[in-house]
Amino acid sequence: MSEQLPQIDTTKAHSARVWNYWQGGKDNYPVDREVGDYVLQAYPEMVGAARADRQFLIRAVTYLARECGVRQFLDIGTGLPTHNNTHEVAHAVAPESRVVYVDNDPMVLAHARALLTGDGLSEVHYVDADLHEPETVLSAAREHLDFSQPIALTILGTMGHTPDNEVAYAAVGAYVDALPSGSFLAMCDGTATSEPMIEAARRWNETAAIPYHLRTPKEIEGFFTGLDLVEPGVVSAPFWKPAQAEVGKATEVDQYCGVARKP
């Protein structure tokens, strides 16, 4: 990893920082909060959707580690660190779990350098790379993960930045193809399932640096083609294996998710 300090553009809103703002984080700038608030005017439920995405990550990683025995995680498009990051959730179940984060945002890189050091983090690594360069990402990941053993690939809130379905499916497929049998794919992304969400996406694309493309739930299912979906399949995030206390209380959000196993 280069020691050169990353250049952070604070004049344009960036998805990782706006997402951080919606999740109650502090790693954002006035421009991010301005865009975040502009989107919230059209879709106040976005805060709930952002937090539902995080809660899905927690439940999915816990399930994969505890119920499926997965001990390796490849988190692509990780975003800014917040509470209950992938390695923290995995380590709560199995402290020996290996985690590789992948992102190419300079602010994420800066935080990774600061946070991914210290006791208990020898099996946690960060790769500064673009997800559309799978050979680069996979080459770096192989330095830390054993590709002869199951790996959980998590891609949350990320593929919406790749609007073309064919390109997006091919990108995810390149990673899934490289994983051994018994591995898993966990995904969650924004969906065009309500008019307010569609307007929110329009406002986002009008003001943010990187556009975001909403998909239908059926298009989200397309990412899991050839894999065995874990019950309950592709659903609104709060409905994927909710905690016992949340059963019957979950409210649908315009974020659809799923987990599937590679045969």
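A residue is buried under 20% relative accessible area, exposed over 50% and partly exposed in between (1.4 Å probe, protein chains only). The model is predicted: local features need pLDDT of at least 70, side-chain atom pairs count only at pLDDT 80 or more, and totals for chains, interfaces and linings use all residues. Residues are numbered from 1 along each chain as its sequence is written, and side-chain values use heavy atoms, with hydrogens and water left out.

**Exercise 1.** Classify Trp19 and Trp22 as buried, partly exposed or exposed.

*Solution.* Step 1: Trp19 has a relative accessible area of 21%, so Trp19 is partly exposed. Step 2: Trp22 has 5% relative accessibility and therefore counts as buried.

**Exercise 2.** Determine the geometry of the ring pair Trp19 and Trp22.

*Solution.* Step 1: Rings of Phe, Tyr and Trp (its six-membered ring) pair if their centres lie within 6.5 Å; planes under 30 degrees apart are stacked, over 60 edge-to-face, and the rest tilted. Step 2: The centres of Trp19 and Trp22 are 5.8 Å apart and the planes stand at 70°, so the pair is edge-to-face. Step 3: Ring pairs also join Trp204 with Trp19 and Trp22 in a cluster.

**Exercise 3.** Which ring lies under the charged end of Arg203, and which under Lys241?

*Solution.* Step 1: A charge sits over a ring if NZ of Lys or CZ of Arg is within 6 Å of the ring centre and within 35 degrees of the ring normal. Step 2: Arg203 has its charged end over the ring of Tyr38, 4.6 Å from the centre. Step 3: Lys241 lies over the face of Trp240, 5.6 Å from the ring centre. Step 4: Trp240 itself counts as buried, at 0% relative accessibility.
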